[in-house]
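This report describes selected features of one protein chain. The sequence and the structure are shown below.

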Amino acid sequence: MISPLSRSTTVLKTAIAGLLSLLPISLPALGAEKVIIASTGGAYDKALRDAWFDPFTKATGIEVVTVAATNSEMRAKAAAMVKTGNVNWDLYLDGEIQAASKAHRKVTEDLTEFCRQFADREDLSVNACSAGGALLQSTATLLAYRTGKHGDSVPATWADMWDTRKFPGERAFPNFDDPWRVMAAALLADGVTRDELFPLDIDRALAKLDQIKPSVSLWWKTGDQSVQGFRNGEYSLGQIWLTRAKAMQSEGLPIAWSYKAAFLVGDRIALLKGAPHRDNALKLITFWLNSPAAQAKACEVLSCTPPSSDAIAMMSDEARKTMPQGDDVRDYVIIPDAEWINANAAMMLQRWNEWIR
């Protein structure tokens, strides 16, 4: 007769053997491949994870690890990692303008050869893939405001942003290493026309900003900070990203915006020189450009314009209406002079930092 102790020992050994037999199957999952991408966090990252990162992981088994940072932090960190040879990110998101700069090219891999595979894609925009990175989306930095009663007058232009009597309430502007859009808004508020905006008159812009500075309650450094400030009622009118404004509107917050006070901007997916998971990073970029459904899902939430026309066709009529329309772009939306901005970036930042202190 087998004793209870022997029976228990036998059961335990059998269980352990069963678990050990599963280890060869489980170990690859524990040591799964990954790719690390830096972004601005919050609602933006959530939309990208739901539409792009998670489907990519499901299709490839490659984990997408995100790192949250401000745009200026990402640029500084990327430069420092490449300079020291200690690169622990693979990809980061940089602005369309910055992606054309010499500083960007010094720390990122030239994707010209990689981009050739997309050259014959009729659905992709001509700038969908370029040396400085793949186009994530196009959007706008614009005037957003808290909505009131139906029939109330609403702000539409940068001049309205400066009109604190007609439109009372606290204001918000960005404050990071890219001040051109605040200066440009000030000049437009001061009567400068679109075709005369660049090169920016820095002295005139700062003088105009002096007028509104007492009404600015939030100088935001991250998209999440601009969102939290609106939620908390810190400001009524602000210069923020359309992607963040649309995310807040989708939450049911009382926010609207005006394309008559907007700058066309976008993000590129940049590959760092010496990226530790380079092949996986290129697979993640390829997945984005080859997946109109992923682009459509992300831009449905963020009200951005995806690089694929097929993706635009998949979006709802409501979402397409919130994107900058042809008439808006033709008559109001400012397309910034990237060459001038990059050539004068250091000077503008120095003047800005002296003024904002």
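In helix α10 of this predicted model, the buried residues are L242, T243, R244, A245, K246, A247 and M248. The helix covers residues 242-250, and because 7 of its 9 residues are buried, α10 is largely enclosed by the rest of the structure. Charged side chains are among the buried positions, namely those of R244 and K246. After α10 comes G252, a residue with a positive phi near 95°.

The handedness of the α2 and α12 crossing is right-handed. On the α2 side, the contact is formed by A43, Y44, A47, L48, D50, A51 and W52. These residues meet A294, K297, A298, V301 and L302 of α12. By residue class, the contact of α2 with α12 comprises 10 nonpolar and 2 charged residues, with no polar ones. The charged pair consists of D50 in α2 and K297 in α12.

A128 is located in the loop that links α5 (112-115) to β4 (129-130). Its relative accessibility is 3%, and A128 therefore counts as buried, the cut-off for that class being under 20%. Beyond its neighbours within four places in sequence, A128 has contacts with G133, A134, L135, R268, L289 and P307. The C-alpha atom of A128 also lies 9.2 Å from that of P306, although 178 residues separate A128 and P306 along the chain.

The values for the chain as a whole are set out in the table.

| Property of the protein chain | Value |
|---|---|
| Secondary structure | 17 helices and 9 strands |
| Buried residues | 49% of the 357 residues |
| Contacts between residues 24 or more positions apart | 71% of the contacts with a separation of 6 or more |
| Accessible surface | about 17100 Å² |
| Carbon and sulfur atoms | 54% of the accessible surface |

The local descriptions can be read beside these totals. A128 and P306 are 178 residues apart in the chain, and contacts of residues 24 or more positions apart amount to 71% of those with a separation of 6 or more. Likewise, α10 has 7 of its 9 residues buried, and the buried share of the protein chain is 49%.

Key. Residues numbered from 1 in each chain as written. Predicted model: local features only at pLDDT ≥ 70, side-chain atom pairs only at ≥ 80, totals over all residues. Heavy atoms only, no water. Helix = DSSP H or I, 4+ residues; strand = E, 2+ residues; numbered from the N terminus. Buried < 20%, exposed > 50% of the residue type's maximum accessible area, 1.4 Å probe, protein only. Contact = heavy atoms within 4.5 Å. Areas by Shrake-Rupley, 256 points an atom, 1.4 Å probe, with all protein chains shown as cover. Left-handed = near helix turned anticlockwise from the far one by under 90°.
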